[in-house]
Amino acid sequence: MKIVVLLKQILNPAGFVVRADLERIFVNVEDYIINPNDKNALEEALRLKDALGAEVIAISLGEPRAEDALREALAMGADSAILLTDEAFSKADASVATLILGKAIQKIGDYDLVLLGQRALDTGGEQLGPRLAEYLDLPQITNVRELSVSDGKVRAKRIWKRGYALVEASLPALLTIAPDSNEPRYPHGARIISAYREWEVEIWGAKDLSLTEEELIPLTEVRRKAFPPPREFGEKIRGTPKEAARDLVRYLKARKVVS
Amino acid sequence: MDFSFPREYQLFRRMVREFAEKEVKPLAKEIDERSHVPLELVKKAAKLGLLGVPFPQKYGGCGAGEIGYCILMEEMNKVCSSMTTIIGAHIGIGAMAIYLDGTEEQKQKYLVPLAKGEKIAAFALTEPEAGSDAAAIKTSAVRDGDYYIINGTKCFITNGDIADVITVMAVTDPSLGPRGGITAFIVEKDFPGFSVGRLEKKMGIKGSSTAELIFEDCRVPKENVLGQFGAGFITFMKALDVGRISLAAAVLGGAQLALEASVEWAKARQQFGGPIAHKQSVQWMIADMATEIEALRSLVYRTAWMMDTGQTGPEFTKMAAMCKLYGTEVAHRCVNYCLQIHGGMGLSRDFIVERIWRDQRITEIFEGTSEIQRIVIASQIFRPLGVRIRP
């Protein structure tokens, strides 16, 4: 079995403070980590590897520094790692990122599973999984908490409404793993050293994926970034039930919710 | 010059810190109160390679060298001194002696399972009448065919009761004195004639056991002589040199913890209408702590770097002694300031300073007292000038 895991490197939220009142972000330590939810996806892949034997390939699209995220994946147990980095990728939006990652996964080829986190902690985005599944024309199961593979099929327990749904798909398939669905393992000390001193991270650019400049033009552009408006606190209605009911009706009438 | 840690060490530190924070810290108070580190916790650390950090991978270690080992000790001692002491005695002196002076066969047989944490090591030098005067040991080893027969008692042996493998110093020729008359041996806990005596009840590092070891006609095969016959003094001095740096790294973590606890309390504690952080007396204590900690950090990692790059001559011995001396005394000042800043509250078991204050004190004593470190440093300074320093 061949499993491709997508990892996004993000700024460690422990290293900065958001001050909405000042509309500023103070970065104390510029420290980068693997998006925690993608680490859950990697952990699922490694558990499949432990249980059934599998080749786990970690890929990441990002700045050259994202190499650290991939070396961490190698230390945790991934078999190989590919970094997708290029000046030409720097403006990638969700659609372009899908194209780059999709091409890379196609280039890897012969895969059974594509796993990634449901959500990117930095942007809050949850688009990448569904977009990629469409691009690669794969069955997709999102928000997965548990999964197992047998007889060429993947069975997944996904979060659905207030409970779970059991879903089955034929392989190859793409699954997005729900946040906190597992406790990712610690990398072994020796593997950390080997991941940097012995093992390689392959690097693919636009040329390696036969991507042209036009294809890499994003569909969206960021015009402005702003803090969300501060949340307004509600009013507490006090008094006896009778008084409270009277005040509530008055309140709703004043706001024309009821007449 | 580049003072930044290579990236493998940054990831290694993050792993150790996460392990320490998540797995060890929640147990630290209980470990102290019950005077016991659960063996499962040590095994958990072993699974991540943490019991063989400095040793090469071919011997079952992480291949992270002395720098990696110092990172482990620094991070671990930020959460639990007992756990740190167990690891330090296991790696830094017990297994280290085998790594430094063992034959290839001894390394395969003993170092590999020790580095993997399948077995635990201890280092047995101290005796009731041989503390700082280590050369005064009386434990003897006499040849009997293919064996040596060891007789004597060791005391204050960290890990003594949980160790599977113990490096033991014994007198093999009283007429030759320390240079030539002392030999190191590798003893397995199951060797006939070996037993564990009483355990010390201590004020600090309570979760790490401190045992008396008894050798009564203990039979040790002759192939278990560690290093050259008669050169045991050199073997343990070398192991202690290495142990001193990692111990300094550990107290660096402890001092850092004291600083963090002090800052937190100085911000929270209100007196005279404001936080005590507004008081210059408190600010100065915190400024002094922070400054000394940074100086110590540079000293420790520079000396670890010397070891990893093979600069292990007399200069290294001096630097290692400086690490131990300065580190433990910085930690002393830091826990003391921390307690002073906490005021009466600091004596309460509800605050961490009560524990780290007790845990710190031994560091100025074991693995060579501050006084012995000063002798080592002074003798390294005077020796090239032809002045011989005697303790």
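In this predicted model, A:Ile57 sits opposite A:Ser80 of β7(A).

**Two residues of chain A**

A:Ile59 lies in strand β6 of chain A. Why does A:Ile59 count as buried? The cut-off is 20 or more other C-beta atoms within 10 Å. A:Ile59 has 27 C-beta neighbours inside 10 Å, so it counts as buried. Not counting residues up to four places away in sequence, A:Ile59 touches A:Val4, A:Leu6, A:Ile82, A:Leu84 and A:Ala104. A:Val5 is 54 residues away from A:Ile59 along the chain, yet their C-alpha atoms are separated by 6.2 Å.

A:Ala58 has its own set of partners. Leaving aside neighbours within four places in sequence, A:Ala58 contacts A:Val5, A:Leu7, A:Leu42, A:Leu70, A:Ala73, A:Ala78 and A:Ala81.

**Helix α2 of chain A**

Is helix α2 (residues 67-76) of chain A mostly covered or mostly uncovered? It is mostly covered, with nine of its 10 residues buried. Among the buried residues of α2(A) are A:Leu70 and A:Ala73. Both of these are contacts of A:Ala58. The buried set of α2(A) also includes A:Asp68, A:Arg71 and A:Glu72. After α2(A) comes A:Gly77, with a positive phi near 140 degrees.

**The nonpolar core**

The largest nonpolar core holds 193 residues. Which of them touch the most other members? They are A:Val5, A:Ala58, A:Leu175, B:Phe185 and B:Ala258. Helix α7 (residues 232-268) of chain B gives the most to this core, 18 residues. In soluble globular proteins, nonpolar side chains tend to be buried together.

**Where the chains meet**

How many residues does each chain bring to the contact? Chain A brings 12 residues and chain B brings 15 residues. On the side of chain A, α2 and α5 (189-197) each supply at least two residues. The largest share of that side, six residues, comes from α5(A). By type, the chain A side divides into seven nonpolar, two polar and three charged residues.

**Strands of chain B**

In chain B, strand β2 (residues 140-144) pairs with strand β3 (residues 147-158). The pairing is antiparallel and has five bridges. B:Asp144 has B:Tyr147 of β3(B) as its bridge partner. The hairpin of β2(B) and β3(B) has two residues between the strands. In this hairpin, B:Gly145 takes a positive phi near 65 degrees.

β3(B) also pairs with strand β7 (residues 210-221) of chain B. These two strands run antiparallel, joined by nine bridges. Here B:Ile149 stands opposite B:Arg219 of β7(B).

| Property | Chain A | Chain B |
|---|---|---|
| Helices and strands | six helices, 13 strands | 11 helices, 10 strands |
| Span of C-alpha atoms along principal axes | about 70 × 45 × 40 Å | roughly 80 × 50 × 40 Å |
| Buried residues | 37% of 259 residues | 52% of 391 residues |

How does the radius of gyration of chain B fit a compact globule? A compact globule with 391 residues would have a value near 21 Å. Chain B has 21 Å, which agrees.

Note on methods
Residues are numbered from 1 along each chain as its sequence is written. Chains are lettered from A and ligands numbered from 1 in the order in which they are written. Two strands pair if DSSP finds at least two bridges between them. Helices (H or I, at least four residues) and strands (E, at least two) are DSSP runs, numbered from the N terminus. A residue is buried if 20 or more other C-beta atoms lie within 10 Å of its own, exposed if 12 or fewer, and partly exposed in between; C-beta atoms are placed from the backbone. Two residues are in contact if their C-beta atoms, placed from the backbone, lie within 7 Å. Ala, Val, Leu, Ile, Met, Phe, Trp, Tyr, Cys and Pro count as nonpolar, Asp, Glu, Lys and Arg as charged, and the others, Gly among them, as polar. A nonpolar core is a set of buried Ala, Val, Leu, Ile, Met, Phe, Trp, Tyr and Cys residues joined through C-beta atoms within 7 Å. The radius of gyration is taken over C-alpha atoms; the globule rule is 2.2 Å times the number of residues to the power 0.38.
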